[in-house]
Amino acid sequence: MAVRVLVIDDDKNYFTLTSRMLARTHQDFEVDWVESFEVGLEIMARREHHVYLVDYHLGDHSGIELVNEAVKRGISAPMIMMTGQGEHDVDLNAIKAGASDYIDKTELKPSLLARTIRYALERHHFLTAIRENEDNYRSLLEEASDGILIMDTDGTLNLI
């Protein structure tokens, strides 16, 4: 199955570069492109892509704003921030906003890009599984008709 990637970048040259790089990897990628914040958010809301590559500069908006808005709207697919400007603290601000990772466009290579996408998807898969298990565990405890006590082998109570 192909990994569906949406590139949100106001410079079509980076879409072309990204598409060519991903085509040179051993994975199957289907790459789409939009050039604006507004259209990017609209397409993201459809939840048709597995991962989003978001440029830091999107006209009047920033990629950080896009990630923030996407998270507010419940979009949980991995978002990877990309910039070629080398701005200070973009990586940390992107992660705080909800991005899965950050890539400097000036250091972009096919193997790095594919690995970053793969790792972001794997982290997303694991986090989703953890949330589901947590929800199941919480439901089990909340709906139990009997009391539940969990102790370790030393007799220390871990959960009541």
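Is aspartate 55 buried or exposed?

## Aspartate 55

In this predicted model, aspartate 55 has a relative accessibility of 6% and therefore counts as buried, the cut-off for that class being under 20% relative accessible area. Aspartate 55 belongs to strand S3, and its side chain makes a polar contact, at 2.9 Å, with the side chain of lysine 105.

## Strand S3 and its two faces

The strand that holds aspartate 55, S3, spans residues 51–55, and five of its five residues are buried, which leaves the strand mostly covered. In a regular strand the side chains alternate between the two faces of the sheet. In S3 both faces are covered, with Val51, Leu53 and Asp55 buried on one side and Tyr52 and Val54 buried on the other.

S3 pairs with two of the strands described here, S1 and S6. With strand S6 (residues 79–83), the pairing is parallel and runs over four bridges, and within it valine 54 stands opposite methionine 81 of S6. With S1, the pairing is likewise in the parallel sense and is made over four bridges; here tyrosine 52 of S3 stands opposite leucine 6, while leucine 53 of S3 stands opposite valine 7.

One of the paired positions links valine 5 to valine 31, its bridge partner in S2.

## The largest pocket

The largest pocket in the model has a volume of about 220 Å³ and is lined by 14 residues, among which Ser76, Gly98, Ser100, His124 and Arg131 lie nearest its centre. Helix H5 (residues 110–143) supplies the largest share of this lining, namely five residues. Sorted by class, the lining of the largest pocket comprises seven nonpolar, five polar and two charged residues.

Key. Residues are numbered from 1 along each chain as its sequence is written. This is a predicted model: local features need pLDDT of at least 70, side-chain atom pairs count only at pLDDT 80 or more; totals for chains, interfaces and linings use all residues. Side-chain values use heavy atoms; hydrogens and water are left out. On a 1 Å grid over the protein atoms alone, a cavity is a set of points where a 1.4 Å probe fits but cannot get out, and a pocket is an open set with protein on both sides within 12 Å along at least five of seven lines; lining residues have an atom within 4 Å of a point. Grid points are joined across faces, edges and corners, and a volume is the space filled by probe spheres set on the points. Ala, Val, Leu, Ile, Met, Phe, Trp, Tyr, Cys and Pro count as nonpolar, Asp, Glu, Lys and Arg as charged, and the others, Gly among them, as polar. Two strands pair if DSSP finds at least two bridges between them. Buried means under 20% relative accessible area, exposed over 50%, partly exposed in between (1.4 Å probe, protein chains only). A polar contact is a pair of N or O atoms within 3.5 Å; within protein, one must be able to donate a hydrogen and the other to accept it, and residues adjacent in sequence count only if both atoms are side-chain atoms.
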